[in-house]
Amino acid sequence: MENKTNSSVPKLYEAFKQSFDIGAAVNPHTIIQAGELIAKHYNSITAENEMKFASVHPTEDTYTFEQADQIVAFAKSNGMKMRGHTLVWHNQTTEWLFQEADGSPVSRERLYERLKSHIDTVVKRYKGDIYAWDVVNEVITDEGADPLRPSKWLDIAGPGFIAKAFEFAHEADPKAQLFYNDYNESNPMKRDKIYNLVKSLLEQGVPVHGIGLQAHWSLYSPGLDDIRAAIEKYASLGLRLQLTELDVSMFRHDDLRTDLVHPTEEMLELQEKRYEQLFNLLREYDKHIDAVTFWGAADDYTWLNDFPIRGRKNWPMLFNESHEPKGSFWRVVK
Ligand code: GLA
């Protein structure tokens, strides 16, 4: 019987040490529940929610860093790298940021002052501990001709907020690697919009160093050809690439079944094959890819248990609910 302390189980990150780092998204709960597993198998972590705007900066004059600090301390005490996530997003951002005290919208100048002050405070606090930041998250639309997603950022500041965020982050920590991060990154239409955005930032001299492919994938999509084409297109910008939020959902997008309490044999087999193909492909591009971070550590805790259906169990990781390596694990470490 394999178990989490079994020394015959190789360390996941060591299997990839010639290629890229292997990361996990963690939170204060998972570093307790799965701390041993995480410390053994992953050499990089990302805070799942604890560094987002609303988590660290709930009111203009208050910063709450307790949980973020705890996660950074966990990384340091286990000799792991740490990614920062995220500085500008349309979700999990507080309302005060966009409003004056009387509720009226702030001016662009005021929004930039607040953004600068936020980025300065957060990025400088973790200077030297966090080597890479997801500076801007998900500003591209999934559909339609408009490249930029409607948001308060865009309403108030226009598209310039994107460059500003990178500039402020670079000023705060000139050594940090700065990423643009997004999902559906392998969909050809969205891929091209992401590519065009980042290309134009580079042409303006904006300090962008990498593209984060979130990689919230499933057994069925995206296709390997689309993933390959996305990697090649992004890499052609001369930037570093990372997979920042990898998971492989057992369900198709339109599969709304809620009756399963265990994955079926068929799901597990498809997942083994899928993970093997994915990591074979990623290894082919390891000259461009510096890290592959999973959005979780093991199947007992994953955001997919609540998305897209609240309470519907999913099993997207390489370790099962008891923190034992799944067949998929053995296929990727081989
Ligand atoms: C996005 C965000 C992450 C996380 C996931 C789902 O991908 O970048 O921070 O919220 O959604 O949990």
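**Close-up views of the ligand site and the cavities**

View 1. A polar side-chain atom of Asn-137 lies 2.9 Å from an oxygen atom of the ligand. This is a predicted model. Lys-52 also places a polar side-chain atom by a ligand oxygen, at 2.8 Å. For Glu-138, the distance from a polar side-chain atom to an oxygen of the ligand is 3.3 Å. On its own the ligand exposes 300 Å², and the protein buries 88% of that.

**View 2. The shell around the ligand.** The ligand sits in the largest pocket. Residues surrounding the ligand include Glu-48, Lys-52, His-85, Trp-89, Asn-137 and Glu-138. Gln-214, His-216, Glu-245, Trp-295 and Trp-303 also belong to its surroundings. By class, this shell holds three nonpolar, four polar and four charged residues.

**View 3. The largest cavity.** Two cavities of 30 Å³ or more are counted. The largest has a volume of about 40 Å³. Its lining consists of Trp-89, His-90, Asn-137, Glu-138, Val-139, Arg-149, Ser-151, Trp-153 and Phe-161. Four of these lining residues are nonpolar, three polar and two charged. Trp-89, Asn-137 and Glu-138 line this cavity and are also among the residues around the ligand.

**View 4. The second largest cavity.** This cavity has a volume of about 30 Å³. Glu-276, Phe-279, Asn-280, Arg-283, Arg-331, Val-332 and Lys-334 line it. Helices α11 (265–284) and α12 (327–333) each supply at least two lining residues. α11 gives the most, with four. The lining has two nonpolar, one polar and four charged residues.

Terms used
Residues are numbered from 1 along each chain as its sequence is written. This is a predicted model: local features need pLDDT of at least 70, side-chain atom pairs count only at pLDDT 80 or more; totals for chains, interfaces and linings use all residues. Side-chain values use heavy atoms; hydrogens and water are left out. A residue is near a molecule or strand if one of its heavy atoms lies within 4 Å of it. A polar contact is a pair of N or O atoms within 3.5 Å; within protein, one must be able to donate a hydrogen and the other to accept it, and residues adjacent in sequence count only if both atoms are side-chain atoms. Accessible areas come from the Shrake-Rupley method with a 1.4 Å probe; for residues, only the protein chains shown count as cover. On a 1 Å grid over the protein atoms alone, a cavity is a set of points where a 1.4 Å probe fits but cannot get out, and a pocket is an open set with protein on both sides within 12 Å along at least five of seven lines; lining residues have an atom within 4 Å of a point. A molecule sits in a cavity or pocket if more than half of its atoms lie within 2 Å of its grid points. Ala, Val, Leu, Ile, Met, Phe, Trp, Tyr, Cys and Pro count as nonpolar, Asp, Glu, Lys and Arg as charged, and the others, Gly among them, as polar. Grid points are joined across faces, edges and corners, and a volume is the space filled by probe spheres set on the points.
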